[in-house]
Amino acid sequence: MWRRVASLSSSISSSFLAQTASRLNTWESLTTGIAQQAKGVIAPKEKTPFITFVLGGPGSGKGTQCIKIVETFGFAHLSAGDLLRREIASKSADGAMILNTIKEGKIVPSQVTVKLIQKEMELSDNHKFLIDGFPRTEENRVSFEQILSEWQSQIGVEPNVVLFFDCPEEEMVKRVLNRNEGRVDDNLETIKKRLTVFQALSLPVINYYSEKGKLYTIKAIGTEDEIFEQVRPIFAAFETVG
Ligand SMILES: Nc1ncnc2c1ncn2[C@@H]1O[C@H](COP(=O)(O)OP(=O)(O)OP(=O)(O)O)[C@@H](O)[C@H]1O
Ligand SMILES: Nc1ccn([C@H]2C[C@H](O)[C@@H](COP(=O)(O)O)O2)c(=O)n1
Ligand SMILES: [Mg+2]
């Protein structure tokens, strides 16, 4: 059940949580018996959320494969990096800090990133979420789980699926340097820092989900289509169950 069980997190504004509470209560009422009686006419928002985290080093192909997953399985794609870049572009209060952090190849404080992700989830009409490039650190992971744990929800505090695109470093570097999208972090100096951060801070998160039995490791070399053929059966299996 989507129910408030604890005091509100100090890191998230009360008005934001009030909006979320209202939305989640809607989900609660509609995912109970009443909704089941109305089977067949349930709008996507009324379904239990299905959360996929998409992890992997810089240039491992997360964004590329997310596009294919969206096309094939109808997920909403929330890229943490894209949300942060949008903050920079909109010149928001955190924009300058985010830009400097990204240029340095470091990780933006979790409260900033989690807030952006939560807002997008709340605004989405979809119930299936691909959260790309998040959680990048244990701090990211715990921060997101804390938000979820404040609600006694049907989804618990964990993602349904965690994808890990496992790619050799030299291939990731090659891809990032060829990306040509004008990103401030697509240069050799920043990539080296991002790879160090990935090893030190992101691999522990990947190991955590491996121990939880949530991790699906994809060998991220070969053509985009070949890689997607490893991804497809993971979601196809959930479609059959759901
Ligand atoms: N299988 C592949 N073979 C060759 N190039 C690829 C492959 N998959 C993606 N690319 C290219 O590599 C670059 C990086 O891919 P993508 O942006 O999807 O990576 P990412 O994991 O999202 O990286 P980041 O974490 O930096 O956002 C892009 O230019 C993309 O077109
Ligand atoms: N959870 C996250 C995700 C991203 N960032 C910052 C740091 C990354 O280098 C940059 C780009 O992300 P990408 O597009 O490669 O997924 O954004 C972060 O701080 N925290
Ligand atoms: Mg990406």
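In this predicted model, residues A80, L83, L84, R86 and E87 of helix α4 are in contact with V112, T113, L116, I117 and E120 of helix α6. The protein as a whole has 10 helices and 5 strands, and 47% of its 242 residues count as buried. Among contacts between residues at least 6 apart in sequence, 76% join residues at least 24 apart.

**Helix α6 and its packing against α4**

- The axes of α4, which covers residues 80-89, and of α6 come within 10 Å and cross at roughly 100 degrees; because angles of 65 to 115 degrees count as roughly perpendicular, α4 is placed in that class relative to α6.
- Helix α6 runs over residues 110-123, and its 14 residues, at 1.5 Å a residue, should span 20 Å, which agrees with the 20 Å that separates its end C-alpha atoms.
- Most of α6 is covered, with 10 of its 14 residues buried.
- The buried residues of α6 are S110, V112, T113, V114, L116, I117, Q118, E120, M121 and E122, and V112, T113, L116, I117 and E120 are the residues through which α6 meets α4.

**Helices α7 and α9**

- Helix α7 (residues 138-149) and helix α9 (residues 188-211) have axes that come within 8 Å and cross at roughly 50 degrees, and the two helices are therefore oblique to each other.
- On the α7 side the contact is made by E138, R141 and E145, which meet L201, P204, V205, Y208 and Y209 on the α9 side.
- The residues of this contact divide into 5 nonpolar and 3 charged, with no polar residue.

**Cysteines**

- The count of disulfides in the model comes to 0, and C66 accordingly takes part in no disulfide, the nearest cysteine sulfur being that of C167 at 15 Å.
- Seen from C167, the closest cysteine sulfur is the one in C66, and the 15 Å between them is too far for a bond, given that a disulfide requires sulfur atoms within 2.5 Å.
- C66 has a relative accessibility of 0% and therefore counts as buried, while C167, at a relative accessibility of 8%, also counts as buried.

**Backbone features in loops**

- A cis peptide bond, with omega at about 0 degrees, joins F134 and P135, and P135 is located in the loop between strand β3 (128-132) and helix α7.
- K91 is not a glycine, yet has a positive phi of about 55 degrees; this residue belongs to the loop between α4 and α5 (95-103), and its relative accessibility of 74% means that K91 counts as exposed.
- N180, likewise not a glycine, has a positive phi of about 60 degrees; its place is in the loop between α8 (169-177) and α9, and with a relative accessible area of 76% N180 is exposed.

Terms used. Residues are numbered from 1 along each chain as its sequence is written. Chains are lettered from A and ligands numbered from 1 in the order in which they are written. This is a predicted model: local features need pLDDT of at least 70, side-chain atom pairs count only at pLDDT 80 or more; totals for chains, interfaces and linings use all residues. Side-chain values use heavy atoms; hydrogens and water are left out. Axes are lines fitted to C-alpha atoms, for helices over the stretch in contact, and angles run from 0 to 180 degrees between N-to-C directions. Helices (H or I, at least four residues) and strands (E, at least two) are DSSP runs, numbered from the N terminus. Angles under 35 degrees count as roughly parallel, over 145 as roughly antiparallel, 65 to 115 as roughly perpendicular and the rest as oblique. Contact means heavy atoms within 4.5 Å. Ala, Val, Leu, Ile, Met, Phe, Trp, Tyr, Cys and Pro count as nonpolar, Asp, Glu, Lys and Arg as charged, and the others, Gly among them, as polar. The expected span of a helix is 1.5 Å times one less than its number of residues. Buried means under 20% relative accessible area, exposed over 50%, partly exposed in between (1.4 Å probe, protein chains only).
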